Amino acid sequence: MDKYIVKKMQKPFCVRVTVPGSKSMTNRALLMAALSDGMTELEGILFSDDSRHFLSSLQSLGFEVTFDEQKCTAKVMGCGGVIPAKTGKIHVGSAGTAARFLTAMLALSDGEYEITASEQMEKRPMKPLFDTLAAMGAEFTYLKEEGFLPVKVKGSSSRVNHVELDISKSTQFLSALLMTAPMLKDGLDIHITSEKTDGAYIRITRKMMEEFGCTATYDGHDYQVAPGQAYRSGTYVVEPDMSAACYFYAMAAVTGGSAIVNHVHEGLMQGDMKFLDVLEKMGCRVIDTREGIEVTGPADGLTGVDVDMNDFSDQTMTLAAIAPFAKGETHIRNIAHIRLQESDRMAAIIHNLTNLGIRCEEENNGIVIYPGKCRACEIDTFEDHRMAMAFAIPGLLTEGVVIKDPMCCRKTFENYFEILTEITT
């Protein structure tokens, strides 16, 4: 499918849907299962381009991995922090989590490996992680541009366990080090050199490490993983993907309808839960039902908001897509880092809003979006799954919105447009 024509809604949006498992939690769980000692069964996991690259990479490294896509389950035989294959080549595609997490695991091993990636992933930042791992004793040979994938990596032997790390460009660097630290006999102390020292995805990492039997402490600035810890095998259930759920909540918000996402309840650890607070501020009703959280849009339209989205920036595109329909300006702040993700998301948002006929502009590491009437246009996705899914939403209220390259959503939610077709038919 080269293009997807969004069908304009003829009546209020009212739906109950099931979304895939969390991408970020799926790949974290796969890593910790591989580093555990014994068989771990993962339930509710996401099967997408990103997770399949992670699974195939583990198989290429000699791990025993079986899975059932229909049941959303996988079994991984961990080897107690040891990688079975001492040489090999993996391809991480466009998966930032696979690239960062597996790079750290291989750098702390006793083998030599080659890591390749898609053209998109080759442009994304890796240097802070490479530099820290090199300081720990790993050796990197850059196969193209220095500081970026693809690389060859030779595992560390010196096992330095006091390191510095800048996480301003990606918190995945820190998550990678925290999760692989139990591979180190003497543990790991991480001094954060950037102004940003914490974040929602780091908190997910630490919580999941605890659930797998290891602890990472945080003193308000630095992190420590004490020596002598090991991941335990067993059964682990992955939460539904809150990032995916938010698209349907936003659809309900902007149409004045309602949406229930099955199994999404208060207390989920994902940072995108904060998007529900934003929708409430815009005038939506949010309640937790037995089936899942329900969002109902206001009958008299949304209200613009001023919000710092640094801690849940994956929803920047979603808010940007519904902001034109709100009364008053919407200010999205502290999101400069989204320039370095799957696309330059700041530029892509402004490009697509402008094509929709909406006035918007950058301001102080953020975006201001003014209310307006959207017009028919083609949405450029820039090979970015979140751009494709979020900017389908204006098409529910605007005739003639067309999504180019919609199947880039395979990265995290491959049947998203099938579900949207069912909803709008």
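In this predicted model, the count of aromatic pairs comes to 12. One of them joins F130 and Y142. Their ring centres are 5.6 Å apart and their planes meet at 65 degrees, so the pair is edge-to-face. The cut-off for that class is over 60 degrees. F130 belongs to helix α5 (residues 127-135) and Y142 to strand β8 (residues 139-142), so the contact ties together parts that are 12 residues apart in sequence. The two partners differ in cover. F130 counts as buried because its relative accessibility is 0%. Y142 has a relative accessible area of 25% and is therefore partly exposed.

Y416 and F417 form another aromatic pair. Here the centre-to-centre distance is 5.0 Å, and the planes stand at 90 degrees. This pair, too, is edge-to-face. Y416 is buried, with a relative accessible area of 0%. F417 also counts as buried, at 3% relative accessibility. Both residues belong to a cluster linked by ring pairs. Its members are Y4, Y247, F248, F413, Y416 and F417.

Charged contacts come next. Side chains of opposite charge can pair when their charged atoms come close. The model holds 24 salt bridges. In one of them, E69 pairs with R52, and the closest N and O atoms are 2.9 Å apart. The bridge links distant parts of the chain, 17 residues apart. E69 sits in the loop between β4 (64-68) and β5 (73-79), while R52 sits in helix α2 (residues 49-60). E69 is partly exposed, with a relative accessible area of 33%. R52 is partly exposed as well, at 25%.

A further salt bridge connects K144 and E122, with 3.3 Å between the closest N and O atoms. K144 lies in the loop between β8 and β9 (151-154) and E122 in helix α4 (residues 119-122), so this pair ties together parts that are 22 residues apart in sequence. The ends fall in separate accessibility classes. K144 has a relative accessible area of 58% and is exposed, because the cut-off for that class is over 50%. E122 has a relative accessible area of 16% and is buried, because the limit for that class is under 20%.

E342 and R345 make a salt bridge in which the closest N and O atoms are 3.0 Å apart. Both residues are buried. They also take part in a network of salt bridges. The network links K23, D50, R124, D314, E342, R345, D384, R386 and K411.

Some acidic residues form a surface patch instead. D2, E119, E383 and D405 make up a negative surface patch. D2 is placed in the segment before β1 (3-5). At 69% relative accessibility, D2 counts as exposed.

The backbone shows several features of note. Most residues other than glycine have a negative phi, and most peptide bonds are trans. A cis peptide bond, with omega at about 5 degrees, joins L149 and P150. P150 lies in the loop between β8 and β9, and K144 is found in that loop too. H263 is not a glycine, yet its phi is positive, near 70 degrees. It is located in the loop between β15 (258-261) and α9 (274-281). With 53% relative accessibility, H263 counts as exposed. N365 is another residue other than glycine with a positive phi, at about 60 degrees. N365 occupies the loop between β20 (360-362) and β21 (367-369).

The C-alpha atoms of A95 and V65 are separated by 19 Å. Along the chain, these two residues are 30 residues apart.

Technical notes
Residues numbered from 1 in each chain as written. Predicted model: local features only at pLDDT ≥ 70, side-chain atom pairs only at ≥ 80, totals over all residues. Heavy atoms only, no water. Patch = residues over 30% accessible without salt bridge, like charges linked within 9 Å, V, L, I, M, F, W, Y side chains within 5 Å. Areas by Shrake-Rupley, 256 points an atom, 1.4 Å probe, with all protein chains shown as cover. Salt bridge = Lys/Arg side-chain N within 4 Å of Asp/Glu carboxyl O. Lys, Arg positive; Asp, Glu negative; His and termini not counted. Charge placed at Lys NZ, Arg CZ, Asp CG, Glu CD. Helix = DSSP H or I, 4+ residues; strand = E, 2+ residues; numbered from the N terminus. Buried < 20%, exposed > 50% of the residue type's maximum accessible area, 1.4 Å probe, protein only. Phe/Tyr/Trp six-rings, centres within 6.5 Å; stacked < 30°, edge-to-face > 60°.
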